[in-house]
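This report goes through a few local features of the structure shown below, taking helices, strands and cores in turn.

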Amino acid sequence: MLGIGSDHGGYALKQAIKKHLEARGVAYRDYGTYSEASCDYPDYGRAVALAVANGECDRGILICGTGIGISIAANKVPGVRAALCGDCFSAEATRAHNDANILALGARVVGEGLALKIVDTFLDTAFSNDERHIRRIQKIEG
């Protein structure tokens, strides 16, 4: 199960990503927001992050205007490794090297077409299980 959430700035892109996930057959749970009415991104970043951290969701996707604020909020939750990605190379690298469990996107930074490619890359890339990457992740988690 994939968790997805956004603030008002990421709402439209979240809707496009949900359609894309449905077309791929990816099960997801939407943690809000459910409209373009102004809201606070930390609420939705935390909701998805908690779902990933407690095992309710395997991974997550978060969207706000830049992706910065919502990724900072998510990374406050222990066990979460949220990565803000604006290109496919970063999405692939963060999965393979950091075992990132949440993808953050900036709806005002990347267009829909690129965002969908980034989502696909994030979902389709496995963690490398390389010993050096495991060691580094353990250092991050303290």
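Helices here are DSSP runs of type H or I with at least four residues, and strands are E runs of at least two, numbered from the N terminus. The model is predicted.

## Helix H4 and its surroundings

Just after H4, Asp99 takes a positive phi of about 50°. At the start of H4, a side-chain oxygen of Asp87 comes to within 3.1 Å of the backbone nitrogen of Phe89.

Helix H4 covers residues 88-98, and its buried residues are Ala91, Ala93, Thr94, Arg95 and Ala96.

## Charges over Phe122

Two arginines are placed against the ring of Phe122. The charged end of Arg59 sits over that ring, 5.5 Å from its centre. Arg95, one of the buried residues of H4, lies over the face of Phe122 at 5.8 Å from the ring centre.

Aromatic pairs are another matter: with ring centres required to lie within 6.5 Å, the count comes to zero.

## Strand E1

How many of the five residues of E1 are buried? Five of the five are, so the strand is largely enclosed by the rest of the structure. Leu2, Ile4 and Ser6 point one way from E1, while Gly3 and Gly5 point the other way. In a regular strand the side chains alternate between the two faces of the sheet.

E1 is joined to strand E2 (residues 28-30) by three bridges, and the two strands run parallel. Leu2 has Tyr28 of E2 opposite.

In soluble globular proteins, nonpolar side chains tend to be buried together. The largest nonpolar core in this model has 20 residues, and those with the most contacts inside it are Ile17, Ile61, Leu103, Leu105 and Val119. Strands E1 (2-6), E3 and E5 (102-106) and helices H1 (11-24) and H5 each give two or more residues to this core. H5 supplies the largest share, six residues.

Leu105 shows how these parts meet. Leaving aside neighbours within four places in sequence, Leu105 is in contact with Ile17, Ile61, Leu62, Ile63, Cys64, Thr66, Gly67, Leu84, Cys85, Ala115, Ile118 and Val119. A second core of 15 residues is separate, and includes Ala51, Val52, Cys64 and Ile102.

Technical notes
Residues numbered from 1 in each chain as written. Predicted model: local features only at pLDDT ≥ 70, side-chain atom pairs only at ≥ 80, totals over all residues. Heavy atoms only, no water. Phe/Tyr/Trp six-rings, centres within 6.5 Å; stacked < 30°, edge-to-face > 60°. Lys NZ or Arg CZ within 6 Å of the ring centre and 35° of its normal. Buried < 20%, exposed > 50% of the residue type's maximum accessible area, 1.4 Å probe, protein only. Polar contact = N/O pair within 3.5 Å; in protein donor to acceptor, adjacent residues only side chain to side chain. Core = buried A, V, L, I, M, F, W, Y, C linked by side-chain atoms within 4.5 Å. Contact = heavy atoms within 4.5 Å. Pairing = 2+ DSSP bridges.
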